[in-house]
Amino acid sequence: MAMTTIAPVQRLRLLRELERKVLWLSAWTVHYANHVRPNRDGLKVGGHQASCASLATVMTALYFSVLKPEDRVAVKPHASPVFHAIQYLFGHQTQDKLERFRGLGGAQSYPSRTKDVDDVDFSTGSVGLGVAMTLFSSLVQDYVRLKGLSDNERPTGRMVALVGDAELDEGNIFEALLEGWKHDVRNLWWVIDYNRQSLDGVVNDRLFGRIGEMFELVGWRVVTLKYGKLLEAAFAQPDGAELRQWIDDCPNSLYSALVFKGGAGWREALTRDLNQHPGIRRILEQHDDETLHRLMTNLAGHDMQAVLDAFEGVEDDRPTCFIAYTIKGQGLPFAGHKDNHSGLMTLDQMASFKKSMGIADSQEWDRFAGLSTPPTELQAFIDEAPFNREGQRRTSAPIVALPPGLPQPKDRKASTQEGFGKILNAIAAEDSELARRIVTTSPDVTVSTNLGPWVNRRGLWAHTEAEDVFRELKVVSAQLWRKTPRGQHLELGIAENNLFIQLAALGLSHQLFGARLLPIGTLYDPFIARGLDALNYACYQDARFMIAATPSGITLSPEGGAHQSIHTPLIGIGQPGLLSYEPAYVDELAVLMRHGFEHMQQDKGGSVYLRLSTRSLPQPERTLSGEQQADIVAGGYWYAPPEPGADVAIVAMGAVTPEAITAHQSVVRDFAGAGLLVLTSPDRLHADWLSAQRTRGCTVGLLERPQSPVERLLAPLSRDARLVTVLDGHPLALSWLGSVRGQRVVPLGVEAFGQSGDIPDLYRIYKLDTAAIIDAVARAIT
Ligand SMILES: Cc1ncc(C[n+]2csc(CCOP(=O)(O)OP(=O)(O)O)c2C)c(N)n1
Ligand SMILES: [Mg+2]
């Protein structure tokens with residue numbers, strides 16, 4: 001489409017008009033949901049009119065003029081209505097969905113990639129995470145470009161975060177900043193909405209005095225948008241410097257309170273403090289209360305020209321932090337009041353606001369009502385917005401073909417963690433599409449989670465080449481840490497939040513940058529909890545990745561209680577978007593990793609969690625049939641099938657399987673026909689069981705009643721058979737099995753913090769050893 005150039009003055013006028021409309025639509029959307037739409041349950045619907053107002057200028061400037069199609073944006077959660085209003089003006093959002101804001105099927109409370117229809121790049125909601133997401137996405141953009149995996153004809157995009165000032169209290173932002181600095185991150189814009197207010201109150205002044213310095217410390221450019229053009233002009237008047245000083249010194253809380261009080265309040269305060277300066281007296285005389293209020297609230301974050309100048313002044317790829325001084329609720333009746341965070345305009349306030357916006361009844365959703373520019377001119381300007389020039393911005397990428405099976409190490413004894421390292425090492429040795437698309441990352445536990453061999457072959461990723469100094473100096477080491485733009489491992493510092501956000505960004509590369517990646521992250525299983533919100537965030541956005549969490553459970557023994565994971569199997573079951581497996585043997589792991597790579601690429605797939613162990617187990621001598629492989633993927637198989645109608649079975653998962661095997665050998669002497677069931681995924685079994693129940697619910701009366709894998713597995717046992725379940729993790733992960741057919745369960749597992757010890761001691765005191773399993777069988781029977 002031919003781009004018409006528009007005169008700066010005209011552009012400014014049109015943007016100011018649109019800013020008004022964006023402010024109106026966002027406030028109206030929230031108002032409609034709370035006061036106009038019928039309320040059936042008496043709950044406050046909410047929405048954040050004040051938090052929206054503070055970003056109306058910045059977002060109008062960005063979306064209608066500054067952003068390019070290749071840019072990707074994380075919008076602070078509470079500016080969701082502003083985002084939806086802008087998309088509505090673009091024609092990407094419907095009135096119907098705005099009317100249902102925060103209602104079922106309506107525009108989402110916080111921008112959502114998966115639930116909103118209007119081109120959300122990054123979901124937000126849990127403050128801080130969306131901000132870091134832009135940083136890690138920028139690294140991913142460079143990763144795929146430097147490898148030629150994306151369309152390199154396209155310009156590099158800027159990753160933009162619109163950040164609430166209180167978000168900077170979240171530690172994960174600073175973890176990300178440090179990591180970004182280490183990796184020489186570029187093309188990153190963080191625009192801080194410095195409205196000096198958070199949820200409960202006023203943001204700490206002392207903290208913000210330091211924020212700019214923190215960014216500069218890690219190489220960022222800091223652009224402060226403090227005073228708008230009106231105030232700048234006043235400062236140029238005689239004694240104007242006094243006025244500047246007064247505002248500079250004004251504590252956040254006083255400034256906010258005066259914003260709320262308005263012209264009379266400003267006059268009183270300025271008269272009290274600065275009346276001795278003739279220049280100030282003149283300024284006060286020249287302004288009535290209304291214009292004085294406009295002057296004193298003319299912060300640069302609400303001054304369209306100042307905002308445009310700031311954004312357009314940055315042309316290089318250096319990460320830039322814009323600190324935009326704004327006012328929470330700017331332009332709304334409760335501007336500045338510290339309680340306005342979740343405050344809503346009253347009916348009266350809305351009526352006068354509506355009037356001031358020039359909007360008549362029933363014109364509330366009109367795209368151009370109340371504006372003085374002809375609609376055709378505004379529409380033409382909107383249509384020309386560079387952001388939409390290429391239409392659909394979300395990309396897609398073909399699926400990476402997988403071999404029928406992954407390489408299988410043939411050790412007689414091995415742990416699943418070793419197996420994981422060897423499988424990846426064998427993949428790394430191949431020149432395959434699979435090998436090219438895998439990218440690994442780890443928070444300083446690359447070697448101790450067995451990723452070392454993969455990294456040795458495939459190299460560390462960096463923007464520029466850097467030799468391994470140890471190698472150059474001929475110091476012998478098993479690890480070859482050569483950094484290159486071709487490298488396929490992103491080494492992170494120890495911060496599990498960063499790991500999961502990095503995985504989220506890598507795992508969305510097909511939709512963000514048109515390049516399919518198969519990301520694998522490794523960490524110690526207990527530290528999933530450390531990054532759990534970020535993991536949840538990654539899954540919420542439907543990012544696709546694999547995590548190998550190892551070591552796990554009390555089986556890591558000598559490492560002690562601080563490193564033992566107990567409830568991670570429950571996280572595996574409870575976390576949507578994450579399919580979790582805990583294989584006992586390496587051949588199972590190879591099947592599951594292949595399935596994982598497939599699952600990660602399917603439309604209705606998701607991410608994969610492998611809970612692995614460092615315990616070396618004798619490996620079964622077997623070649624898995626197709627049926628066995630399918631069972632392993634479905635969640636479990638009979639290691640020793642029961643006789644039909646058997647009264648007892650042992651059910652084991654993961655590292656404790658050898659104890660279950662020995663116990664089973666003993667149990668069958670007394671209970672001929674007792675079975676041993678090995679589970680690989682209670683998560684999958686449980687989900688498929690519930691889903692089958694739901695399907696049956698709506699097909700009652702049909703002859704064919706679908707049975708889920710767990711129902712089929714337990715079917716050979718007698719109705720009142722006893723199950724002894726055992727895993728190195730919380731017993732609840734398997735105890736639900738009793739509900740499937742009403743069979744009684746004696747669940748073994750770990751319920752308390754662990755301690756150092758060797759496996760025999762720990763399995764004994766936590767009752768996971770052979771004797772405990774036999775004993776549990778005896779108890780189950782009596
Ligand atoms: C991790 C997390 N903790 C708490 C919240 C609840 N919460 C939402 S917004 C907010 C403060 C927002 O202040 P700020 O970032 O300054 O945004 P503003 O509304 O002022 O634009 C809080 C505490 C959240 N969304 N996420
Ligand atoms: Mg704030």
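Nine cavities of 30 Å³ or more are found in this predicted model, a cavity being a set of points on a 1 Å grid over the protein atoms alone where a 1.4 Å probe fits but cannot get out. The largest cavity holds about 60 Å³ of space, with volume taken as the space filled by probe spheres set on the points, which are joined across faces, edges and corners. Its lining (residues with an atom within 4 Å of a point) consists of P569, S580, Y581, E582, Y609, R611, M653, T680, P682 and D683. Two or more of these residues come from each of strand 13 (578-581), strand 14 (607-611) and helix 29 (682-698), where helices (H or I, at least four residues) and strands (E, at least two) are DSSP runs numbered from the N terminus.

Polar contacts are pairs of N or O atoms within 3.5 Å. A polar side-chain atom of K76 sits 2.3 Å from an oxygen atom of ligand 1, while a polar backbone atom of V127 is 3.1 Å from a nitrogen atom of the ligand. For E167, a backbone N or O atom lies 3.4 Å from a ligand oxygen atom. Of the 580 Å² of accessible area that ligand 1 has on its own, the protein covers 75% (Shrake-Rupley method, 1.4 Å probe).

Residues are numbered from 1 along each chain as its sequence is written, with chains lettered from A and ligands numbered from 1 in the order written. Local features need pLDDT of at least 70 and side-chain atom pairs 80 or more, whereas totals for chains, interfaces and linings use all residues, and side-chain values use heavy atoms, leaving out hydrogens and water.

Key: A polar contact is a pair of N or O atoms within 3.5 Å; within protein, one must be able to donate a hydrogen and the other to accept it, and residues adjacent in sequence count only if both atoms are side-chain atoms. On a 1 Å grid over the protein atoms alone, a cavity is a set of points where a 1.4 Å probe fits but cannot get out, and a pocket is an open set with protein on both sides within 12 Å along at least five of seven lines; lining residues have an atom within 4 Å of a point.
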